[in-house]
Amino acid sequence: MDNVLIVSNTGSTMGIISDFMRTENFSRIVTAQTGSQARRCITDSDFDLIIIDSPLGDEYGDELAVVASEKTTAGIILIVDNTNVYETVGKVEDYGVFALSKPTTPDFFYQAAKLLTVSKKRLRILENENTRLQKKIEEIRIVDRAKLVLIQVLKMTENQAQHYIEKQSMDLRQTRIATAENILRTYE
């Protein structure tokens, strides 16, 4: 975890949260005082954790939390007054926003931040695995298309086409997908 966005219109709260985040080895801490500043930050940068201390100068903060959840994969903590916490939870929980009532203890805030950072790490692992699997599926599709072309044009069997692609890949020292793409360019 590297990037944190802290949104608060109170300088003292922003300072306390920033100091805490620095002790947790977050390398880049960006601050904003209004919802509109925070939206620009979200558009311009990618964050791992977003902390919103409501109310903000130009809005309450729940809408910003929802927008942030839709536009990023960051963990989001929305700190709200104790009297509004249940109402706010109802508005933001379906978007994966963690609502935290204030005043809160440093230990509870630490646990909430850790929960979201650990979840973000797990999400990143799943995203990488998803990307890897999508690339593998695309490779299989292209190789299968090349095999079909070899079967139709050169009248090979499926085993012969598979062996041909594998042998060409080894002989030319290239990936199977590169060989398949060459076959498709040649015969399609």
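**Reading exposure and salt bridges**

Me: Leu154 counts as partly exposed, at 37% relative accessibility. What do buried, exposed and partly exposed mean?

Reply: Buried is under 20% relative accessible area, exposed is over 50%, and partly exposed lies in between (1.4 Å probe, protein chains only). This is a predicted model, where local features need pLDDT of at least 70 and side-chain atom pairs pLDDT 80 or more, while totals for chains, interfaces and linings use all residues. Numbering starts from 1 along each chain as its sequence is written, and side-chain values use heavy atoms, without hydrogens and water.

Me: Where does Leu154 sit?

Reply: Look in the loop between α5 (106-153) and α6 (158-172). Helices here are DSSP runs (H or I, at least four residues), numbered from the N terminus.

Me: How many salt bridges does the structure hold?

Reply: Side chains of opposite charge can pair when their charged atoms come close. A salt bridge puts a Lys or Arg side-chain nitrogen within 4 Å of an Asp or Glu carboxyl oxygen. The structure holds 13. In one of them, Lys91 pairs with Glu87, with 3.6 Å between the closest N and O atoms. Lys91 and Glu87 lie 4 residues apart in helix α4 (residues 85-92), about one turn. Lys91 is partly exposed at 43%, and Glu87 is exposed at 52%.

Me: Which residues are linked with Glu87 in a network of salt bridges?

Reply: Asp62 and Lys91 join Glu87 there.

Me: Which residue forms a salt bridge with Arg145?

Reply: That is Glu188, at 3.1 Å between the closest N and O atoms. This pair links distant parts of the chain, 43 residues apart: Arg145 is in helix α5, Glu188 in the segment after α7 (176-187). Arg145 is partly exposed at 42%, whereas Glu188 is exposed at 61%.

Terms used: Helices (H or I, at least four residues) and strands (E, at least two) are DSSP runs, numbered from the N terminus.
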